[in-house]
Amino acid sequence: MTRFVAYLRVSTARQGRSGLGLAAQRSKIESFLREGDEVIAEFVEVQSGKADDREQLWKAIAHAKKHDAKILIAKLDRFSRKVSFIAGIMEQGIGLAVAEMPHATDFQLHIFAALAQEERRLISERTRSALAEARKRGVALGKNAAALKERHCKQAMAYARSIEPILMPMVNAGWSFNAMANQLNMAGISTAKDGRFTAQTVKNIVGRLRNIDTDHVGQSSLGNA
């Protein structure tokens, strides 16, 4: 039997009051638990993922230490968006379990957190560059559809290249697009538009990297692995 202290986080007070986000996190946690496991306490934080001043988290850690339990979270990004913060918590000697990644080791959690943090940095960097370029061009940017389309294509390829080291090993290992999408989402990595991956999104990116028409990529690969 394993004892857990559940930690849930929402970004806004409105989400906390409405339960939006909390219900989904609790559902993931419940699906993670096995017969004999026990959640001895639950702590809910209303705080941005960028902030480290987590009163409820520190209470959860103290409670876990006192009762020899592990901290259980639904998703890694609900815990923190910083590798340094996650590493610091792990150094406290507290076991960390992630419902969406039930078999992940501490080392793997560090890797996934690092990938997610780097991808967020790259997205922010690309966004700043795009805005700066748009300001340089002014209204002319919106008048030239062909140039705008070409720019979007270049941005899409740049994004595809940025996650190529993460994606292609899975492609070469024969993973389905759906399985790859799930893995990227669990790692907290966002799409170029800061959304969640789908099998079709991954298929399009792989198509760009292979320089082929994505409509001709095997449809069977969209299924589960």
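The paragraphs below lead through a predicted model, from its sheet to its helix packing and its salt bridges. Local features are reported where pLDDT is at least 70, side-chain atom pairs count only at pLDDT 80 or more, and totals for chains, interfaces and linings use all residues. Residues are numbered from 1 along each chain as its sequence is written, and side-chain values use heavy atoms, with hydrogens and water left out.

Four strands form an open sheet in the order β2-β1-β3-β4, with parallel pairing; helices (H or I, at least four residues) and strands (E, at least two) are DSSP runs numbered from the N terminus, and two strands pair if DSSP finds at least two bridges between them. Strands of a sheet pair through backbone hydrogen bonds, either parallel or antiparallel. Because β2 (38–46) and β4 stand at the edges with a single partner strand each, one side of each is left without a neighbour in the sheet. From one strand to the next the twist averages 25 degrees. Strand β3 (residues 70–73) and β4 run parallel and are joined by 3 bridges, and I71 has L96 in β4 as its bridge partner.

Two helices lie across this sheet. Helix α2 lies across β1 (3–10), β2, β3 and β4 and runs at about 155 degrees to β1, where angles run from 0 to 180 degrees between N-to-C directions and axes are lines fitted to C-alpha atoms, for helices over the stretch in contact. Helix α3 lies across β1, β2 and β3, and its direction is at about 165 degrees to β2.

Two packed helices are described by the angle between their axes and the distance between the axes. The axes of α9 (residues 164–172) and α11 (residues 199–210) come within 11 Å and cross at roughly 95 degrees, which makes α9 roughly perpendicular to α11, a label that applies from 65 to 115 degrees, with angles under 35 degrees counting as roughly parallel, over 145 as roughly antiparallel and the rest as oblique. On the α9 side the contact (heavy atoms within 4.5 Å) is made by E164, L167, M168 and V171, and on the α11 side by V202, I205, V206, L209 and R210. These residues divide into 7 nonpolar, no polar and 2 charged, with Ala, Val, Leu, Ile, Met, Phe, Trp, Tyr, Cys and Pro counted as nonpolar, Asp, Glu, Lys and Arg as charged, and the others, Gly among them, as polar.

Helix α10 packs against α11 with the axes 8 Å apart at an angle of about 100 degrees, and these two helices are therefore roughly perpendicular to each other. Here F177, N178, M180, A181 and L184 of α10 meet A199, V202, K203 and V206 of α11, a set that divides into 7 nonpolar, 1 polar and 1 charged. Helix α10 is mostly covered, 7 of its 10 residues being buried, where buried means under 20% relative accessible area, exposed over 50% and partly exposed in between (1.4 Å probe, protein chains only). The buried residues are F177, A179, M180, A181, Q183, L184 and N185. M180, in α10 (residues 177–186), is buried with a relative accessible area of 1%. Not counting residues up to four places away in sequence, M180 touches L167, M170, V171, W175 and V202. The C-alpha atoms of M180 and T198, which are 18 residues apart along the chain, are separated by 8.7 Å. Just after α10, G188 takes a positive phi of about 80 degrees.

The structure also holds 4 salt bridges, each a side-chain nitrogen of Lys or Arg within 4 Å of a carboxyl oxygen of Asp or Glu. In one of them, E100 pairs with K28, the closest N and O atoms being 2.9 Å apart. Since E100 lies in the loop between β4 (96–98) and α6 (106–137) and K28 in helix α2 (residues 22–32), the pair ties together parts that are 72 residues apart in sequence. E100 is buried, with a relative accessible area of 15%, whereas K28 is partly exposed at 29%. Another salt bridge joins K59 and E55 at 3.4 Å between the closest N and O atoms, and both residues lie in helix α3 (residues 55–66), 4 residues apart, about one turn of the helix. The side chains of E164 and R161 likewise meet in a salt bridge (3.2 Å, N to O).
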